[in-house]
Amino acid sequence: MGERGQRHRINRWWVTGILLLCFEERILAQLRYTVPEEVQVGSTVGNVAKDLGLDISTLSDRRFRIVSGPNHALFELNQNNGVLYVGKIMDREELCDGTKVCLINLKIVVENPLEIHYVGVEITDVNDHSPTFPENEQRLEIAEHAPTGTRFQIHAARDPDVGTHSVRLYKLHPTDFFDTEVRDSEGDKIPFLVLKKPLDREQKAHHRLVLTAVDGGTPSKSGTLNLTIIVVDVNDNRPLFSKDVYSVSLDENVPIGTLVIQLNATDLDEGLNSEIEYTFGKTQKNKVYDTFELDTVTGEIRVKGYVDFEDTEIYRLDLQASDKGHIPWTAESRLVIKIKDVNDNKPDIEVTSLSNAVPEDSKPGTVISLISVTDRDSGVNGKVICKILGNVPFDLTPSIEENMYSLVTKGRLDRETVSQYDITITATDCGEPSLSSVQTLRVQVSDVNDNRPIFSQNPFELYLVENNAPGASIFSVTAVDHDLNENAALTYHIVRGDGSRGDMASFLNVNSENGQIYALKSFDFETLKTFQFHVVASDSGTPSLSSNVTVNVFILDQNDNAPVILYPVSSNGSAQGVEEIPRNVNAGYVVTKVRAYDADIGYNGWLLFSLQEVTEHSLFTLDRYTGQIKTLRPFTETDEAEHKLVILVKDNGNVSLSATATVIVKVVEPKEAFAASDVKSSTKADEDTNVTFYLMITLGSVSALFLISIIVLIAMQCSKTTEYTSKYLQEANYDGTLCHSIQYRSGDKRYMLVGPRMSIGSTIVPGSHANTLVLPDRRGTPGEVRLYFQVNLQLRTISIYYTQSMF
């Protein structure tokens, strides 16, 4: 590539170590490369992936890239081979004017796992500028009596290049009367013209010289200045500054008009030759003229424009003091103004988000975002303290790079409690007074399937009227899931049993989407009183979560059974009988008693008797509750010998059902009825004896079982440490029917003893025939035991059974 290729050759060096951040998957390395300015676009800076030891085949998948920042567009990164190359032609003097080292810092990120690498690229200077003078020609007037060795400041050449490429020496031609002397001042080389031999205007009034400024590049470059020396014959004393170099400090942001310094120069001459006029040197930058002003008479330098430390830290002003002689003398000095920083810049917070949402099951220490904080001030004014406001489960972890932080989780997240966080980050500098900035970052918490479906209650109680329509909806269960989307999408199903005879779940179906439950068959209270089944609600998450609920079904009775006549019953099965009574009976004589029962319960099984048809209304009466037929008056000779009574038996359902019985009453003479009455009396006595016997057995059994239950309960209570409480409840509103019910509690168990008394508001026990009742109790608890005693006086039977609630 020749000389230019060698000049643009890229020198590369990398330093560093591998530092472990606070995150177990993050490793940070630092590289440094050098590249000369003006290098062509596409020139290779270095293979970052290779130097970092990264697998080149994974760079694209891991999103190997440069994080946006100042000057990041100067370079580009190839994700295929990991090479960093030049993206734009760079001019060092434009990027880093006035600085010795021009360093461009890049942040390179690679994900999965997350790694942050800091790469520094130093832009080295090339000798692409020649020294230049502010003017092509300079005129100097020198008195002819100027002593040898006198120095005259001449224009200094400026070279934007730095280091060895800047101005290194000055050459003067010809050099019979003059020589050059260079003074180093704050890194600048100031040339002076030194008189070697006395001047004689009469011999030579003008001297024309050429001053050449040469830089230290290879090859070197140069610039020339034409000097014209005019020899005058006046004013042989020049002004003198009190100091060769003045140095002052000035706060930034001072008001316009603030006095910076007052110069002091003296001249030993008299009159106009001693009057001093102050001026700026001709080599000043325009910014000096925009910022400061100089009073030519008093020598006061005041602030003219805005002074900003972040813009310029130091000003170097070349000063001249000239007398007013015919041939003025001029003295030179330099003023160095150092700007002191004040805390006038707020910190700047830059947020680089790695993800829009964080799962609620993220482990503590998960990185959410990268936070970069900068402050243009310096020293303590530029030192920044960064923190998070409020009580949020997030924290800032400092990075190896100053003012770099990682926003990480510090606790468990729960989307159902808080679905999003507005994280307020404050950055406060250490200046006096301190300045701060606030940045709010919104973090969404994404859902995971961590909540089971919840039913509104467990168990549910369903009271279903018997004879329901098959296929119709009988109940609905609903569960809620606090998760979102598919994690909250619920499906329902019924837990099926083994298909045994008692498994009612096979006769039920549930809508999987809305929990609506349908009965596939019609239920009969007289066959089935109660059953239970289980419904399971499952969400659609992965893995799926589910909950189940128990539904206790109580079949309610309907008036679907007509009364059945037990007496009278003829031999052919019809409800018809014949009763013979003597003619001489008195009023109130019991002719017979019609007996009937109803399979329903409650009002549906409460039977009433009435005379539907009778031949003589004045002779007979019928008790509407017991079915007893009695005479109202004695028989007379004119009364017929045979009477037909049709008895209507009906229940008390909303739509009552009924049955009829026919009793034929034959009136006979006393002698004819005597034999029959003896037989009937004997039979009646036997029946009464049997009824009394059964009643005694019933009452004795109830009493014995009651005592046994009390003894058992006392024994159970003594074996426990829980407090024993016993509560007896007796239903009011006794209606005249034999019934007795007692319920009591032991610990967390409830017991109920029920006899066949009918009470208003009672519920007929499943399996009874309108003779066994249970007092309604909505406070059922798990483990509740109920004992039932059923006494049927009409059928002369007694039965005892118990139930235990499992829910």
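We'll stop at an aspartate, then at some cysteines.

Before you click, know that this is a predicted model, where local features need pLDDT of at least 70, side-chain atom pairs count only at pLDDT 80 or more, and totals for chains, interfaces and linings use all residues. Numbering runs from 1 along each chain as its sequence is written, and side-chain values use heavy atoms, leaving out hydrogens and water.

**Stop one: Asp 125**

Select Asp 125, in the loop that links strand E9 (115-124) to strand E10 (137-143); strands here are DSSP runs of E, at least two residues long. Asp 125 is buried but has no salt bridge. Buried means under 20% relative accessible area with a 1.4 Å probe, counting protein chains only, and a salt bridge puts a side-chain nitrogen of Lys or Arg within 4 Å of a carboxyl oxygen of Asp or Glu. Now show Arg 92: its side chain is the nearest of opposite charge, 5.0 Å away.

Which side chain makes a polar contact with the side chain of Asp 125? Select His 165, at 3.1 Å. (A polar contact is a pair of N or O atoms within 3.5 Å, where one must be able to donate a hydrogen and the other to accept it; residues adjacent in sequence count only if both atoms are side-chain atoms.) Then find the backbone nitrogen of Val 162, 3.1 Å from a polar atom of the Asp 125 side chain.

**Stop two: the cysteines**

Next, pick Cys 96 and Cys 102, joined by a disulfide with the sulfurs 2.0 Å apart; the cut-off for such a pair is 2.5 Å. The structure holds one disulfide, and both of its cysteines, Cys 96 and Cys 102, are buried. The S-S torsion is about 55°, so this disulfide is right-handed.

Finish with Cys 386, which counts as buried because its relative accessibility is 11%.

How values were computed
Helices (H or I, at least four residues) and strands (E, at least two) are DSSP runs, numbered from the N terminus. Buried means under 20% relative accessible area, exposed over 50%, partly exposed in between (1.4 Å probe, protein chains only). Lys and Arg count as positive and Asp and Glu as negative; His and the chain ends are not counted.
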